[in-house]
Amino acid sequence: MRTAAISAAILFAALTAPALADDRAPTAEEHTQIEAALTAEGFTSWGEIELDDDKVWDVDDAIHADGKEYDLELDKTTLAITDRDED
């Protein structure tokens, strides 16, 4: 019974670890470029920025000049806003 529990724990760790490894913070250069893009779109502040699954930049809690708060997705290459969810 104990061996089965250990095996299940190892399998769970192996299956979930790659998903966690796919997200990363921006490099200093990427961060500067993302900040410039957000500012150009009228955002004044934001929270965590993270590359999700090597596809899109996720930006949490972005505050627009209109006072509204959004969670954003930016195209990895162009940094264009591809999704804007109001909080």
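Let's begin with a word used throughout: a residue is buried if its relative accessible area is under 20%, exposed if that area is over 50%, and partly exposed in between, using a 1.4 Å probe and protein chains only. By that rule Ala28, Glu29, Thr32 and Ala40 of helix α2 are exposed. The model is a predicted one, in which local features need pLDDT of at least 70 and side-chain atom pairs count only at pLDDT 80 or more, while totals for chains, interfaces and linings use all residues. Residues are numbered from 1 along each chain as its sequence is written, and side-chain values use heavy atoms, with hydrogens and water left out.

Now for the overall layout. The protein has two helices and five strands, and from the N terminus on they run α-α-β-β-β-β-β. Helices (H or I, at least four residues) and strands (E, at least two) are DSSP runs, numbered from the N terminus. Of the 87 residues, 21% count as buried. The protein exposes about 5,800 Å², and carbon and sulfur atoms supply 55% of that area; accessible areas come from the Shrake-Rupley method with a 1.4 Å probe, and for residues only the protein chains shown count as cover. As for contacts, meaning heavy atoms within 4.5 Å, 24% of those between residues at least 6 apart in sequence join residues at least 24 apart.

Which residues of α2 are buried? They are Glu30, Ile34, Ala37 and Leu38. What do the buried residues of α2 pack against? Their partners are β1, β2 (49-52), β3 (56-64) and β4. After α2 comes Gly42, with a positive phi near 95°.

From here, turn to the aromatic rings. A pair of aromatic rings is described by the distance of the centres and the angle of the planes. Rings of Phe, Tyr and Trp (its six-membered ring) pair if their centres lie within 6.5 Å; planes under 30 degrees apart count as stacked, over 60 as edge-to-face and the rest as tilted. A search of the whole structure finds one such pair. The rings of Phe43 and Tyr70 have centres 6.0 Å apart and planes at 85°, so this pair is edge-to-face. Phe43 belongs to strand β1 (residues 43-45) and Tyr70 to strand β4 (residues 69-75), so the pair ties together parts that are 27 residues apart in sequence. Both Phe43 and Tyr70 are buried.

Leu51, in strand β2, is buried, with a relative accessible area of 0%. Its C-alpha atom is separated by 5.3 Å from that of Arg24, 27 residues away along the chain. Leaving aside neighbours within four places in sequence, Leu51 is in contact with Asp22, Asp23, Arg24, Val56, Trp57 and Lys76.

The loop between β2 and β3 holds Asp53 and Asp54. Asp53 has a positive phi near 55°, though it is a residue other than glycine, and Asp54, likewise not a glycine, has a positive phi of about 55°. Asp53 is partly exposed, with a relative accessible area of 38%, and Asp54 is partly exposed at 45%.

Finally, visit strand β5 (residues 81-86), where Thr82 is found. Thr82 is partly exposed, with a relative accessible area of 49%. Not counting residues up to four places away in sequence, Thr82 touches Glu73, Leu74 and Asp75. Thr82 and Val56 are 26 residues apart in sequence and 8.7 Å apart in space, C-alpha to C-alpha.
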